[in-house]
Amino acid sequence: NCGSQGTDCGSQGADNVCRIDKSQQNGRIPHSISDNTIVARFHHPPKSVFKLSVEALEEYSMICNGDRVLLALSGGKDSLSLLHTLKQYQHYAASKGIRFEFGAMTVDPGAESYDPSPLIPYMARLGVPYHYERQAIIESAMESLPNSICAYCSRMKRGRMYACARRYNYNVLALGQHLDDLVESFLMSVFHNGLLRTMKANYTESEGELRVIRPLLYVRDRDTRQFARSAHLPVIPENCPACFEAPKERHRMKQLLAAQELLFPELFHSLKLALKPLMSRKRDESSSIN
């Protein structure tokens with residue numbers, strides 16, 4: 001537990017912060033987290049995840065020699081897949097003379113139906129430097145009643161991620177969005193805003209201190225799901241009522257794309273090629289095209 005891992009657990013105003021800092025270890029430590037099928041050790045991602053991640057990492061120069069990378073770890077299948085991919089890439093990149101460090105952080109927004117705290121012992125056993133931060137984001141959202149609780153929560157989480165990265169001297173923030181996410185965001189932007197826009201592969205945030213990267217942007221959703229299932233990764237279910245009570249536009253985009261992919265099996269490959277100019281645009285350029 002926390003106390004025996006050199007953890008500093010305290011409070012800052014209304015925000016409870018639990019930080020785990022531990023040097024990375026190369027050994028695998030088999031240890032059950034909650035049942036006998038979940039073992040805290042690193043897994044080699046399949047080619048469908050690792051090869052495409054390496055392609056994106058190298059094409060967009062996402063990680064450079066000497067970088068300190070902070071992974072935004074929600075406990076979902078995508079961020080857990082990226083955790084294991086970054087570990088594998090650390091060995092791969094070292095063979096090419098690129099050496100970098102990485103840690104992870106989780107923001108617990110205080111939702112009753114989302115409890116990422118099982119990640120604390122899991123990450124400690126993996127030996128990855130880990131920062132777990134609690135903030136009553138959902139409670140705050142209910143009080144302020146924003147137009148979109150999801151957007152409010154996302155914005156608040158991103159602020160905590162940036163602050164954590166600066167506090168511990170990370171210069172790169174790694175996010176776990178994949179190709180399906182980018183395509184859905186593109187369609188939503190076109191349908192609702194009349195803009196050709198999607199998430200960026202590698203950009204510098206507005207204050208210029210931190211780069212944000214998305215190594216999984218060529219990887220399919222189904223492949224991270226399969227990896228998480230086959231490796232028995234400890235996926236944390238995310239069942240926020242604010243996200244799932246009403247039908248969401250992103251879900252409609254998923255249905256539309258699924259129907260079209262049955263007719264055009266190469267749909268996502270074609271969309272990936274079409275979106276490359278938008279993925280590579282930097283934030284200091286126009287981030288969208290009318």
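I began with the ring cluster: ring pairs join Phe50, Tyr89, Tyr92 and Phe100. Rings of Phe, Tyr and Trp (its six-membered ring) pair if their centres lie within 6.5 Å, and planes under 30 degrees apart count as stacked, over 60 as edge-to-face and the rest as tilted. This is a predicted model, where local features need pLDDT of at least 70 and side-chain atom pairs count only at pLDDT 80 or more, while totals for chains, interfaces and linings use all residues. Residues are numbered from 1 along each chain as its sequence is written, and side-chain values use heavy atoms, with hydrogens and water left out.

I counted the aromatic pairs, and the structure holds five. I then looked at Tyr89 and Phe100: their ring centres are 5.9 Å apart and their planes at 35°, so this pair is tilted. Tyr89 belongs to helix 2 (residues 77–94), and Phe100 to the loop between helix 2 and strand 4, eleven residues apart. Helices (H or I, at least four residues) and strands (E, at least two) are DSSP runs, numbered from the N terminus.

Next I turned to charges over rings (NZ of Lys or CZ of Arg within 6 Å of the ring centre and within 35 degrees of the ring normal). I found the charged end of Arg220 over the ring of Phe268, 3.7 Å from its centre. Lys272 lies over the face of Tyr218, 4.6 Å from the ring centre.
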